[in-house]
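User: I would like to understand how the labels used for a protein model follow from their cut-offs. Could you take me through some of them?

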Amino acid sequence: MRAFTDEPVSEELVMALLNDAVWAPNHGLREPWRFLFVPSEQKEAFIEHILPGFALEQHEKMRKYLHAQGSAFLIVIMPEDPRPKQWEEDLMASAALIQNFQLLAWERKLGVVWKTNDHNWNPAVRSLLGVQPGEKVTGMLHLGFFEEDQIPEPKRPRTTAEEKTQVFGKTTREGCVQ
């Protein structure tokens, strides 16, 4: 979704969606996530709060960009475990949580755009967001309600599962048995 209404996104709705989304699979029940929610009524203050993290010549561009991106934000932050296996498990769990949140939000006509922009790695912006050393911004979710007639058509069709799947024991298109 890219076209949102001006309807505010409430903390109560986001908490209800998150309380269901946290049932995402996560190894060892580590629950490798925390959240920073920016409600609609705090959006402008939030934008002004993080602008000093950008170069002065980018302020107006970032102000316009963030202002146009939904009516609230949810930032998902995960610990960066130094062990590669656990780091990957935590990233996948965090991604599963975000997908759960997106699906649950869609049922409520709340659009979610999952952003992984460069500012997620910008040390100054991270500091202003309260992201600690040893943490990763998994995504900045842009939230906003939508009207059904605003749902965009897909830019291109998705590749079918059949085209992406090999079945063990079956002959492949190239005549080999997997």
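Analyst: Let us begin with one term: a salt bridge is a side-chain nitrogen of Lys or Arg within 4 Å of a carboxyl oxygen of Asp or Glu. This is a predicted model, in which local features need pLDDT of at least 70, side-chain atom pairs count only at pLDDT 80 or more, and totals for chains, interfaces and linings use all residues. Residues are numbered from 1 along each chain as its sequence is written, and side-chain values use heavy atoms, with hydrogens and water left out.

User: What makes the contact of Asp81 and Arg83 a salt bridge?

Analyst: The side chains of Asp81 and Arg83 meet at 2.7 Å, N to O, and the limit is 4 Å, so the pair qualifies. By this rule the structure has 7 salt bridges.

User: Why is Asp81 called buried, and why is Arg83 called partly exposed?

Analyst: Buried means under 20% relative accessible area, exposed over 50%, and partly exposed in between (1.4 Å probe, protein chains only). Asp81 has 16% relative accessibility and therefore counts as buried, whereas Arg83, at 45%, counts as partly exposed.

User: Why is the aromatic pair of Phe46 and Phe73 called tilted?

Analyst: Rings of Phe, Tyr and Trp (its six-membered ring) pair if their centres lie within 6.5 Å, and planes under 30 degrees apart count as stacked, over 60 as edge-to-face and the rest as tilted. The structure holds 2 aromatic pairs. In the pair of Phe46 and Phe73 the centres are 5.6 Å apart and the planes stand at 45 degrees, so the rings pair and the pair is tilted. This pair links distant parts of the chain, with Phe46 in helix α2 (residues 43–50) and Phe73 in strand β2 (residues 72–79), 27 residues apart.

User: How do you know whether Phe46 and Phe73 are buried or exposed?

Analyst: Phe46 has 8% relative accessibility and counts as buried, and Phe73, at 0%, counts as buried too.

Technical notes. Helix = DSSP H or I, 4+ residues; strand = E, 2+ residues; numbered from the N terminus.
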